[in-house]
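Here are my notes on this one, as promised.

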Amino acid sequence: MRIAFFDTHRFDRTAFEEANAGFGHALTWFEPRLTPQTVGLAAGFPGVCSFVNDRLDAACLQALAQGGTRLVALRSAGFNHVDLVEAERLGLTVVRVPEYSPQAVAEHTAALVLALNRKVHRAYARVREWNFSLDGLVGFDLYGKTVALVGLGRIGRATARIFHGFGCKLLAVDPRLSGSDARAQGLEPVTLEDALARADVLSLHVPLTPGTRHLIDAAALARMKPGAMLINTGRGALIDSHALLEALKSGHLGAAGLDVYEEEEGIFFQDLSGQVLQDDVLARLLTFPNVLITAHQAFLTREALHAIARTTLESVTRFERGEPLGATEVRAEQVLPR
Ligand code: NAI
């Protein structure tokens with residue numbers, strides 16, 4: 001199938017071109033993000049492959065359908081950026097990569113926790129300036145601390161295994177997790193309220209849906225234990241970033257590790273180093289010594305990239321042959337309130 005790739009970068013081109021040797025699809029690379037303004041580039045392509053910060057709203061999907069696109073392949077697990085109801089109305093099939101490497105995201109979560117706790121980002125900068133002082137770099141033992149995971153799907157479970165290794169006590173917030181399943185994994189099932197009050201580290205692993213938008217708002221932040229660490233490798237809008245800023249300014253929140261940011265679209269994945277950063281909240285967040293931000297890179301391992309490429313191209317082949325798409329297909333009912 002002829003597939004137009006949007007928001008492409010060297011790292012995904014390499015992985016897709018290698019994987020495509022076994023599939024033989026015709027891949028065309030476009031650097032711009034897929035938005036209603038750039039959708040014209042997709043005209044005549046039956047397949048479109050998009051990334052997390054493309055904007056697949058109703059206008060964009062309508063233009064895709066008019067241009068002859070029948071399949072939208074998301075090279076991501078998250079699908080919050082797609083108007084699935086409109087896609088379904090237009091008869092567009094949407095597939096994603098439900099699982100590629102939960103370990104990649106879980107390990108990045110651990111990297112953020114460790115770096116923030118032991119202030120590796122500050123130590124690195126200091127030592128390069130020949131400042132070998134240790135003042136201000138005191139961390140805490142993770143051993144025996146309470147880590148709350150919100151969302152115990154593939155990534156949450158992989159994260160739990162890592163923090164068990166550190167000897168942490170694990171709290172789990174997930175309405176779909178049964179008490180017995182939780183206990184079998186060494187997790188204590190709790191409510192979000194309980195997790196907020198008890199966690200030394202609270203980490204988010206839920207999808208972004210209308211029900212989870214601003215799950216961590218001002219009230220939730222206020223309920224967190226003073227000095228606790230908040231980690232988000234899920235989706236930016238799970239946290240109200242203005243409220244986060246206030247919780248950091250007041251000193252109530254101890255640290256924040258973010259791989260995703262509410263307004264990351266148009267910023268993350270770009271080299272803006274020669275420009276003036278226009279997002280004041282992000283700019284302010286970057287001034288805190290106890291905030292560590294990475295630009296949506298938790299998925300970025302060789303293993304994950306190859307799995308993403310393989311699964312995506314396999315779905316395209318299945319679609320072409322009219323074969324069942326199984327768990328890769330995303331349907332509107334997955335985001336509609338039940
Ligand atoms: P999953 O679908 O396996 O698990 C999600 C879990 O969240 C489910 O068990 C569900 O019951 C639970 N959940 C839903 N709403 C909840 C709520 N309000 N409170 C508590 N639990 C709730 O998804 P997976 O693979 O673990 O991924 C989670 C999210 O991580 C994705 O939706 C995606 O947005 C994000 N992600 C981020 C990446 C990155 O590079 N930063 C890469 C891959 C995924």
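1. The ligand has 22 residues around it, and Tyr100, Arg154, Ile155, Asp174 and Asp259 are the closest of them. Keep in mind that this is a predicted model.

2. Asp259 puts a side-chain N or O atom 2.9 Å from a nitrogen atom of the ligand. Thr233 uses its backbone instead: an N or O atom there lies 3.0 Å from a ligand nitrogen. For Arg235, a polar side-chain atom sits 3.4 Å from an oxygen atom of the ligand.

3. Next, helices α4 (residues 102-118) and α6 (residues 154-165). Their axes come within 8 Å and cross at roughly 50°, so the two helices are oblique to each other. The crossing is right-handed. On the α4 side the contact includes Pro102, Val105, Ala106 and Val113, and on the α6 side Arg154, Ile155, Ala158 and Ile162 are among the residues involved. By class, the α4–α6 contact has nine nonpolar, three polar and three charged residues. Note that Arg154 and Ile155 turn up in this contact and also in the list of residues closest to the ligand.

4. The other pair is α1 (residues 10-20) with α12 (residues 302-321). Here the axes are 9 Å apart and the packing angle is about 55°, so α1 and α12 are oblique. α1 passes α12 in a right-handed crossing. Phe11, Ala15 and Phe16 are among the α1 residues in contact, meeting an α12 set that includes Leu305, Ile308 and Leu313. The contact counts eight nonpolar, three polar and two charged residues.

Notes:
Residues numbered from 1 in each chain as written. Predicted model: local features only at pLDDT ≥ 70, side-chain atom pairs only at ≥ 80, totals over all residues. Heavy atoms only, no water. Axes fitted to C-alpha atoms, helices over the stretch in contact; angles between N-to-C directions. Helix = DSSP H or I, 4+ residues; strand = E, 2+ residues; numbered from the N terminus. Parallel < 35°, antiparallel > 145°, perpendicular 65-115°, else oblique. Left-handed = near helix turned anticlockwise from the far one by under 90°. Contact = heavy atoms within 4.5 Å. Nonpolar A, V, L, I, M, F, W, Y, C, P; charged D, E, K, R; others polar. Near = heavy atom within 4 Å. Polar contact = N/O pair within 3.5 Å; in protein donor to acceptor, adjacent residues only side chain to side chain.
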